[in-house]
Amino acid sequence: MKILIIEDEPALAESISLYLSGESYRCEVAGNFDQAMEKISGYTYDCILLDLMLPGGDGIQILEILKAQNKQDGVIIISAKNALDDKIKGLQLGADDYLAKPFHLPELAARVFSIIRRKQFSNSNIIEHHELTLDLLGRTVQVNETLLALTRKEYTLLLYFIGNQNRVISKNALAEHLSGDIADMLDSHDFIYSHIKNLKKKLHEAGCSNYLKTVYATGYKWEI
Amino acid sequence: MNKLLYKTLKPISIYALLVLLLSIPAYYFIVDQIWVNELDKHHYALRGKIESRFTKLQLADSTIEQTIDIWNKIEPGSVFTPHPTKNITKDSSYSVIRFDDYLQDREQFRCLSTSILINNKHYRLLLETNMEEMDETVMAISVVALFFFLLLLAGFIFLLKRFSGKIWQPFYASLDALKAFRLNSDQPIRFEPTAILEFNELNQSLQRLTERNINTYKQQKEFTENASHELQTPLAIVQSKLDLLLQDQSLSKGQSAIVAAANSALARISRINKNLLLLAKIENHQFEDAEQLDLSLLLQETADILAEHLDSKQLSFEMNIHPGVSVHANGVLLEVMLNNLFVNAIRHSPRHGNISISLDAGGLRISNTGTTGLEPEKLFRRFSNTSPLSPGTGLGLSIIKEICDRYSWPLSYSFEKDQHTFFIRL
């Protein structure tokens, strides 16, 4: 899968690229408007990460061009502005998602995963992951043939982990993914612990291998 | 009567009273002088006429004595006394107050004691004319003075009311404009030009002052928004680097703990920055569109979302929501406000504490257990409540206040029986 990172901050572009690369992703970086135009007109990407404020032009223009050329590339806008107007405009112009800076890399990865899956397997809503089968429409999970009774939060967590395989995810990132702004405001992230514990237990009882590992002090990891 | 008008009236009235009081003795002396002079002149004229008429009659001595005798008995106000020629005394004019048998009252008389020569014989002639007593004169003048004082006072009040009201009208207009002025409305004050120089100068100065204030305030708002925006990218970089660092397999336990601590602190910075940006956006009117929202429903939803956080702190929770309470507001802001209220209560409740929420058409009340009351005047100020025990952003209450202000919902705080209570009147 090819991902294009259009971001003028080299340090951030590098982080994203390093985090996403490996497994099945290959990342390219465009640091300004012209570079971005060159890349999108020459190649097709599975997902484009687009910063709206670019040297040499407005990121919105890139969206318009993609739309005009009827390209199917998935687009996630990553912007420092987090303005409602920008968000609405971006989504109207065909962007698939909008992520405000600062964000956690696992959050970005989960969204990239979700978009690529949608674009790639446009007709299928099933994710096959080793002995796990996730039905995204029905929001059901099966281990081999056993149906798991997961809560919404447990299901969300599982999907998040699968989108971030072999990556350590901090508790902060998990809390924010689960509770958004509210997690932001609460200083305790204890509530994640019980969700993880329950998820682990249910997976184990259904005979799933123990992929979900606790990483000392920092967070959790879905290790394949 | 207005304060300002009363201020002008008071010294003027006192001055008028003083002048009129001074005029009482002045009038008395003038009236008295004129009267006494006139009476003395009159007495001398009488004396002259009597003397010359007696002389013209050329009566015999005996007849004269008889006539004088009768005169003394009939004619009031004049008495002849025989007088030895040797010791003629000088004339004297004087005033006297004595009881008058005829009028049966104290009366004041002006007298002339003079000597008169009839048929070469000296008589002492005493002429008396009744005049108004001194105290009665003073009284009459005082009454008149008082009457004029009251007339003046009534006139002053009437004129002041009539003209001062007109003269000060631009001042009151400016005052009203100032009262209606809101710094965060971005609307500079517009004063009507007036015909009075001082008021124009005042208005111009006020206008300059408010314009400067608005500009400073705008710059400050812009600064906050720009600064927050500028911080987002470096924050994103630091966040991404920490997320990457976590992937390093060779991290020792100690290093992992350091990264975790840095992550928490960074989360707090991001939160503060986000909240500052949110405040700036509210102030910059970026949440203008409003709709009719079912507050009862939203509150219930917020409570559902937060249920697990209540559980994890083992808080007891009571909720009493009247269905169908709706408000006209921006959906995003209302949600932010409810979240902040709830989370604030959860954060600051001790483990096993309790939270209660009630909502009806009158307002929204949210209480939680606490140990000490907060200072109401500092409560809603930015960064005034950051405590080392529960480090928040120090902006949650400011945001609640800002949103309440936006919709003119009075927000109050009280602390009673170990319960912090926030009440929003709707």
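The following legends describe close-up views of a predicted model.

**Figure 1. Overall dimensions and secondary structure of chain A.** Chain A contains nine helices and 14 strands. Its radius of gyration is 18 Å, close to the 17 Å given by the globule rule for 224 residues, so chain A is as compact as a globular protein of that length. Along the principal axes, the C-alpha atoms of chain A fill a box of roughly 55 × 40 × 30 Å. Of the 224 residues, 51% count as buried. Among the contacts in chain A that link residues at least 6 apart in sequence, 59% join residues at least 24 apart.

**Figure 2. The two domains of chain A and the contact between them.** The domain assignment divides chain A into domain 1, covering residues 2-120, and domain 2, covering residues 126-222. The centres of these domains, taken over C-alpha atoms, are separated by 26 Å. Twelve residues from domain 1 of chain A and 16 residues from domain 2 of chain A take part in the contact.

**Figure 3. The five-stranded parallel sheet of chain A.** Five strands of chain A form an open sheet with parallel pairing, in the order β2-β1-β3-β6-β7. Strands β2 (26-30) and β7 (97-100) of chain A are the edge strands, and each pairs on one side only. From one strand to the next, the twist averages 20°. Helix α2 (residues 33-42) of chain A packs on this sheet, where it touches β1 (2-6), β2 and β3 (47-51) of chain A. The direction of helix α2 of chain A makes about 140° with that of β2(A).

**Figure 4. Pairing of β6 and β7 in chain A, with the packing of helix α5.** Strand β6 (residues 74-79) of chain A runs parallel to β7(A), and four bridges join the two. Within this pair, A:I78 stands opposite A:L99 in β7(A). Helix α5 (residues 105-120) of chain A packs on the sheet and touches β1, β3, β6 and β7 of chain A. The direction of helix α5 of chain A makes about 160° with that of β6(A).

**Figure 5. Length and burial of helix α5 in chain A.** At 1.5 Å a residue, the 16 residues of α5(A) should span 22 Å. The end C-alpha atoms of α5(A) are 22 Å apart, which agrees with that expectation. The buried residues of α5(A) include A:L105, A:L108, A:V112, A:F113, A:I115 and A:I116. Also among the buried residues of this helix are A:E107 and A:R117.

**Figure 6. The four-stranded antiparallel sheet of chain A.** Four strands of chain A form an open sheet with antiparallel pairing, in the order β8-β9-β10-β11. Strands β8 (126-129) and β11 (146-148) of chain A stand at the edges, each with a single partner strand, so one side of each is left without a neighbour in the sheet. The twist averages 25° from one strand to the next. Strand β10 (residues 140-143) of chain A pairs with β11(A) in the antiparallel sense over three bridges. In β11(A), A:T146 is the bridge partner of A:V143. Helix α6 (residues 152-163) of chain A packs on the sheet, touching β8, β9 (132-135) and β10 of chain A. The direction of helix α6 of chain A makes about 115° with that of β9(A).

**Figure 7. Strand β11 of chain B and its two partner strands.** Strand β11 (residues 419-425) of chain B is mostly covered, with six of its seven residues buried. Strand β9 (residues 363-369) of chain B runs antiparallel to β11(B), and seven bridges join them. Here B:F423 in β11(B) is the bridge partner of B:R365. Strand β10 (residues 411-416) of chain B also pairs with β11(B) in the antiparallel sense, over six bridges. In this pairing, B:H420 of β11(B) is the bridge partner of B:F415. β10(B) and β11(B) form a hairpin with two residues between them, and B:K417 in the turn has a positive phi of about 50°.

Figure 8. Chain B is divided into domain 1 (3-139), domain 2 (197-283) and domain 3 (291-425). The centres of domain 1 of chain B and domain 2 of chain B, taken over C-alpha atoms, are separated by 101 Å. B:E283 lies in helix α5 (residues 253-283) of chain B. With a relative accessible area of 11%, B:E283 is buried. Residues up to four places away in sequence aside, B:E283 touches B:Y217, B:K221, B:R382 and B:E402.

Key:
Residues are numbered from 1 along each chain as its sequence is written. Chains are lettered from A and ligands numbered from 1 in the order in which they are written. This is a predicted model: local features need pLDDT of at least 70, side-chain atom pairs count only at pLDDT 80 or more; totals for chains, interfaces and linings use all residues. Side-chain values use heavy atoms; hydrogens and water are left out. Two strands pair if DSSP finds at least two bridges between them. Axes are lines fitted to C-alpha atoms, for helices over the stretch in contact, and angles run from 0 to 180 degrees between N-to-C directions. Contact means heavy atoms within 4.5 Å. Domain bounds come from an automatic or database domain assignment. The expected span of a helix is 1.5 Å times one less than its number of residues. Buried means under 20% relative accessible area, exposed over 50%, partly exposed in between (1.4 Å probe, protein chains only). The radius of gyration is taken over C-alpha atoms; the globule rule is 2.2 Å times the number of residues to the power 0.38.
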